[in-house]
Amino acid sequence: MARFRFSKDDERTMPAIVVLGAQWGDEGKGKATDQLAKDVDFSVKYNGGNNAGHTVVVNGEKFALHLLPTGILSPRVTPVIGNGTVIDPKVLFQEIDDLEKRGVPCDRLLISSRAHVITPFAIAIDHSSEKFRGTRKIGTTGRGIGPTYAEKMYRIGIQVQDLFDPEILGEKVTVMSDLVKSLSQGWSHAEPIDPVEVTQELLSYSERLRPMVANTSLVLNNALDENRVVLFEGGQATMLDIDHGTYPYVTSSNCTAGGACTGTGIGPTRIDRVVGVMKAYTTRVGEGPFPTELTDDTGETLRKLGGEYGATTGRPRRTGWFDAVVARYAVRVNGLTDLVMTKLDILSEFETIPVCVGYETPRGRTDQMPDYSVDFAASRPIYEEVPGWKGEDISGITDFRKLPQAAQDYVTYLEEKVGCRISVIGTGASREDAIVRHSLV
């Protein structure tokens with residue numbers, strides 16, 4: 001029986017830690033969560049699907065994860081895919097097969113019975129709706145993520161548990177097929193999809209899925225009752241959150257800290273620490289406003305030095321200087337307790353480093369995130385210049401005191417502007433290339 005919890009002060013409990021992106025994604029969350037893997041018991045993906053990726057380098061070997069939690073790479077961690085995710089079974093099995101071929105066992109994986117399943121219908125709608133938008137496209141990955149979440153809200157979605165009941169599955173596929181036919185009447189390019197074939201395809205995944213499926217909400221709450229350490233991994237990032245991001249240029253799930261609760265079935269009082277991951281500069285993939293974007297040679301230099309290409313899509317990322325307004329916003333809406341800053345070493349090529357500390361907007365100057373989307377889209381960055389450490393290679397440094405003074409000053413300057421301590425600093429691609437100023441566990 002689980003013990004009765006009065007408050008966090010009554011009995012010291014092991015932490016539940018949320019790790020999420022504090023910008024527009026691709027901040028290096030994979031590396032941050034991988035570094036924590038040696039100290040955690042469960043690693044949980046709580047939102048999104050195979051529309052984003054975590055790139056992790058272990059012993060010089062690169063792993064690009066999409067659906068699977070980063071904890072899958074650690075043999076002592078139980079990886080979990082929560083109910084807030086959407087799953088393409090074909091992609092999931094391919095990712096598992098690829099890892100197992102490389103010697104990474106995946107037999108510990110648990111999947112929520114309530115997670116929703118991506119179908120060929122959702123993928124078709126994703127592609128067709130982007131074509132329909134024309135110049136107003138969102139810039140989705142075309143993997144059916146948004147339409148699957150829409151089906152969930154329409155209450156016609158297919159959950160993992162439905163794959164074990166042919167009758168219910170057939171009924172749901174038929175309803176979904178009828179809706180798609182209605183939606184796609186004006187899309188001459190939409191190919192017809194046979195609901196019988198879809199049902200048969202989904203049923204073909206059921207036996208392989210069955211051993212992985214569990215009541216993951218119960219599993220995770222029991223783990224916390226037993227003082228186990230649980231790490232919740234957020235997909236995408238704060239500025240792509242469906243409610244708090246740069247709507248409509250966002251993803252279709254809650255990437256912020258609250259999504260860890262709704263996406264796994266644990267209560268907010270169980271979360272002990274919320275860690276935001278940010279780059280020492282800023283990047284974005286896809287369409288949408290980006291105040292500090294650099295479209296000149298400097299932006300291209302950042303892209304090349306940082307290897308700024310999507311782990312899932314290979315798309316070149318848009319690059320820009322660090323935006324303290326965005327970071328302050330992430331601290332606020334997530335209740336961040338700590339920040340992890342990645343790729344500090346990439347800035348070693350610059351004499352001075354501009355930092356955006358506010359915006360010029362149609363309503364005047366501000367140092368806070370504009371509440372109106374049109375104001376944010378029209379924002380122009382207000383910069384302060386910070387001295388750089390050009391020519392001093394900091395890659396691989398693991399002691400903060402061994403950084404050049406200018407690099408130390410850059411870190412403490414950002415802490416002051418953002419209002420949150422920077423606990424870990426990445427100085428290279430490998431999991432060992434990090435400065436730990438404050439333990440995250």
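Q: Given that buried means under 20% relative accessible area, exposed means over 50%, and partly exposed lies in between, into which class does Arg437 fall?
A: In this predicted model, Arg437 has a relative accessible area of 26% and is therefore partly exposed. Its salt-bridge partner is Glu415, at 2.9 Å from N to O. The two residues join distant parts of the chain, 22 residues apart: Glu415 belongs to helix H13 (residues 405-418), whereas Arg437 follows strand E20 (434-436). Glu415 counts as buried because its relative accessibility is 16%.

Q: Are Asp225 and Arg270 buried or exposed?
A: Both are buried. They form a salt bridge whose closest N and O atoms are 2.8 Å apart. Asp225 lies in helix H8 (residues 216-225) and Arg270 in the loop between helix H9 (258-262) and strand E11 (273-279), 45 residues away.

Q: How many salt bridges are there, and which residues form a network of them?
A: The count is 22. Asp26, Lys279, Glu308, Arg317 and Lys343 are linked in a network.

Q: What is the average confidence of the chain, and where does pLDDT stay under 50?
A: The average pLDDT is 90, and 91% of the residues score at least 70. Residues 1-10 stay under 50, with 14 contacts beyond four places in sequence.

How values were computed: Residues are numbered from 1 along each chain as its sequence is written. This is a predicted model: local features need pLDDT of at least 70, side-chain atom pairs count only at pLDDT 80 or more; totals for chains, interfaces and linings use all residues. Side-chain values use heavy atoms; hydrogens and water are left out. pLDDT is the predictor's confidence in each residue, from 0 to 100. Contact means heavy atoms within 4.5 Å. A salt bridge is a side-chain nitrogen of Lys or Arg within 4 Å of a carboxyl oxygen of Asp or Glu. Helices (H or I, at least four residues) and strands (E, at least two) are DSSP runs, numbered from the N terminus. Buried means under 20% relative accessible area, exposed over 50%, partly exposed in between (1.4 Å probe, protein chains only).
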